Amino acid sequence: MSTTFPIRQSSLPSHPPPRPQSLPPQSSHYNRPAPAGTSTAMSSTPSSGPGLRYPSNKKTIYDRNLNRSKNAELSRAAFAYLFIEMIAYAQRGARDVGDLEQRLNNQGYPIGVRLLDLLLSRSSNPLASIRPTRILPLLQFIAQTLYRHLFGRPADALERSGTDSAQYMLFDNEPMVNTYISLPREMSSLNCAAFVAGIIEGVCDGAGFPTEGVSAHSVGEQEEGKDGKGAPLWPGKTVFLIKFKKEVLEREEILARGGG
Amino acid sequence: MVVFALFIISKAGGLIYNREFHTGMNKLSSNDLLMLAGSFHGMHAITKQLCPAPPTPTNPASTAAALAPSPFSNRPSGLEVLESSHFRMQCFQTLTGTKFLLFTEPQQPNIDSMMRKIYELYSDFVMKNPFYTVEMPIRCEKFDRGLDGFVKVRG
Amino acid sequence: MVLYSFYIFDRHTECIYSRRWTPRPVSSSSKTARPQSGSSITSNGDATTVARKRTDDEKLIFGLVFSLRNMIQKLGGEDDTFLSYRTGEYKLHYYETPTRMKFVMLTDTKQNNLRPYLHQIWANLYVEFVVKNPLAPVEHPGGIGVANEMFERGLDAFITAVLPA
């Protein structure tokens, strides 16, 4: 370990220079005894030991929120332009609308897996930072914590399918990702919220709830009849269908029996 | 308060959007409209060329400013408002060369703010739409809807 | 208020009268648009280029008002008339007589519509001093007979009276 360390140092000339003044007590904590030949290198870089750097208040960079201020916002336009490129990338070589949605879903999936970790580790309540083990807490986590983190508001509704007990429905009246998107006529069945569906799938999978797939469907037009009037109230209303695998439901049953 | 129509002309002179909000202007075939947009594009360029020399400045400070070579601020703007006895046409050219033509009643107030709002709708729902190709005809449902809501609220 | 120029076109699309108040002629390219120290024309070469540019401008303006008038009639109907247009730098006023003569005036942008004044120039000056002038021909190819002394003086007086600087 100690022999590989100087090599890593030399291979990373652009490593940020350490600030020995700011962290003098820490350096002694984790400074491994270095071989004699590398002592000069070490003395010049005292705070760059292997592993995590722990600042004096015991808070690593991972504990800090990426957005420093509470109301920190990202540029919606920046996201919109990035999303344009993501869709253009997914469209390249996509066979049909289903394939395109699958590609968007795949782009979202790793984000979901990572976000699960990030959001759990960041939660202020230590009891809440346990991975959800039942379906309902998991869905609540998605509808509340995940949604607040991504879009600044909770999801609009959560329902269990009446026909299929393995299927849950998460409603979003106005998906943020679709704000600026008008679909061309030949792709009217596409819903670009498939990207968000991918994130949800990633969270479910990461939490140990494998799914048959999460898909996004537009339901804005179907609401028309209920409203009575011509224009639907939420033309962009989207439902995320979450269909868990059989084993998840079996486990859920066992847990319910054990708990009850 | 009546807004008759909105045309958008691409920087190459092609008509990429036309929308009638209120009847009152002649109905034209799409072919005629395309020709009209093209010829307006040319006329707009001529109005730029016709710019008369700036009047002799009265104070020496502005003379110095006029002498300073500045290719951007000195560029003539081209046609901005066209008035006829039936309507008034406001032409707004973006920095990228796209032209917005808004046809209103002759006495319509606040056209500048309307134009700004339309430009905003355009940059949101057209330019941020992943399925829009620049310089191509605009077919964006949300842009249409935004314009509808805006013009209806106004009118 | 600033008056840049004034043109009369006859029904044969010819410019029969033009008048400029700006010290320098309108330039059609941006390279020469920069003001130069001397506004007076000194050499012969300059004079010819200026003359060429003048006729060019006349043709451009005629073509422009003609196309704009057609466009407006297409859009607004046969009874619609072209009144004026404004750019960031100047405003062009237009008046067409029943005999298809076109009066065009270029002013600064703050000017209200000058159509009534153009009408007065036609009715009170052109008709009085050109049409009723027994020495002037019926048609004015090359502007013959339009720029007579009475008309010029009347125009000057009219402009100083109704359009004070």
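Student: What does helix α3 of chain B lie across?
Tutor: In this predicted model, helix α3 (residues 111-126) of chain B lies across β1 (3-9), β4 (88-93) and β5 (99-104) of chain B, and runs at about 135° to β5(B). Helices here are DSSP runs of H or I with at least four residues, strands are runs of E with at least two, and both are numbered from the N terminus. Angles run from 0 to 180 degrees between N-to-C directions, with axes as lines fitted to C-alpha atoms, for helices over the stretch in contact.

Student: And how do α3(B) and α4(B) cross?
Tutor: The axes of α3(B) and helix α4 (residues 141-154) of chain B come within 9 Å and cross at roughly 160°, which makes α3(B) roughly antiparallel to α4(B). Angles over 145 degrees count as roughly antiparallel, under 35 as roughly parallel, 65 to 115 as roughly perpendicular and the rest as oblique. The crossing of α3(B) past α4(B) is right-handed, a term for the near helix being turned clockwise from the far one by less than a right angle, with anticlockwise giving left-handed.

Student: Which residues meet there?
Tutor: From α3(B), B:Met114, B:Lys117, B:Leu121, B:Tyr122, B:Phe125 and B:Val126 meet B:Lys142, B:Phe143, B:Gly146, B:Leu147, B:Phe150 and B:Arg154 of α4(B). By class there are 8 nonpolar, 1 polar and 3 charged residues in the contact of α3(B) with α4(B). Two residues are in contact if their C-beta atoms, placed from the backbone, lie within 7 Å. Ala, Val, Leu, Ile, Met, Phe, Trp, Tyr, Cys and Pro count as nonpolar, Asp, Glu, Lys and Arg as charged, and the others, Gly among them, as polar.

Student: OK, chain C: how do its helices α2 and α3 pack?
Tutor: Helix α2 (residues 115-131) of chain C packs against helix α3 (residues 149-162) of chain C at an angle of about 155°, their axes being 9 Å apart, so α2(C) is roughly antiparallel to α3(C). Residues making the contact include C:Tyr117 and C:Ile121 of α2(C) and C:Gly154 and C:Leu155 of α3(C). The contact of α2(C) with α3(C) has 10 nonpolar, 1 polar and no charged residues.

Student: What about the sheet, in what order do its strands come?
Tutor: The open sheet of 10 strands has the order β2(B)-β1(B)-β5(B)-β4(B)-β3(B)-β3(C)-β4(C)-β5(C)-β1(C)-β2(C), and the pairing is antiparallel. Its edge strands are β2 (15-20) of chain B and β2 (15-20) of chain C, each pairing on one side only, and the twist averages 10° from one strand to the next. Strands pair if DSSP finds at least two bridges between them.

Student: How many bridges join β1(C) to β2(C)?
Tutor: Strand β1 (residues 3-9) of chain C is joined to β2(C) by 5 bridges, with the two running antiparallel, and C:Tyr7 has C:Ser18 in β2(C) as its bridge partner.

Student: Switching to chain A, what joins β1(A) to β2(A)?
Tutor: A hairpin does, through 6 residues. Strand β1 (residues 157-160) of chain A and strand β2 (residues 167-172) of chain A pair in the antiparallel sense over 4 bridges, and A:Tyr168 in β2(A) is the bridge partner of A:Arg160.

Student: How many residues do chains A and B put into their contact?
Tutor: Chain A gives 12 residues and chain B gives 11 residues. The side of chain A that touches chain B divides into 11 nonpolar, 1 polar and no charged residues.

Terms used:
Residues numbered from 1 in each chain as written. Chains lettered and ligands numbered in written order. Predicted model: local features only at pLDDT ≥ 70, side-chain atom pairs only at ≥ 80, totals over all residues.
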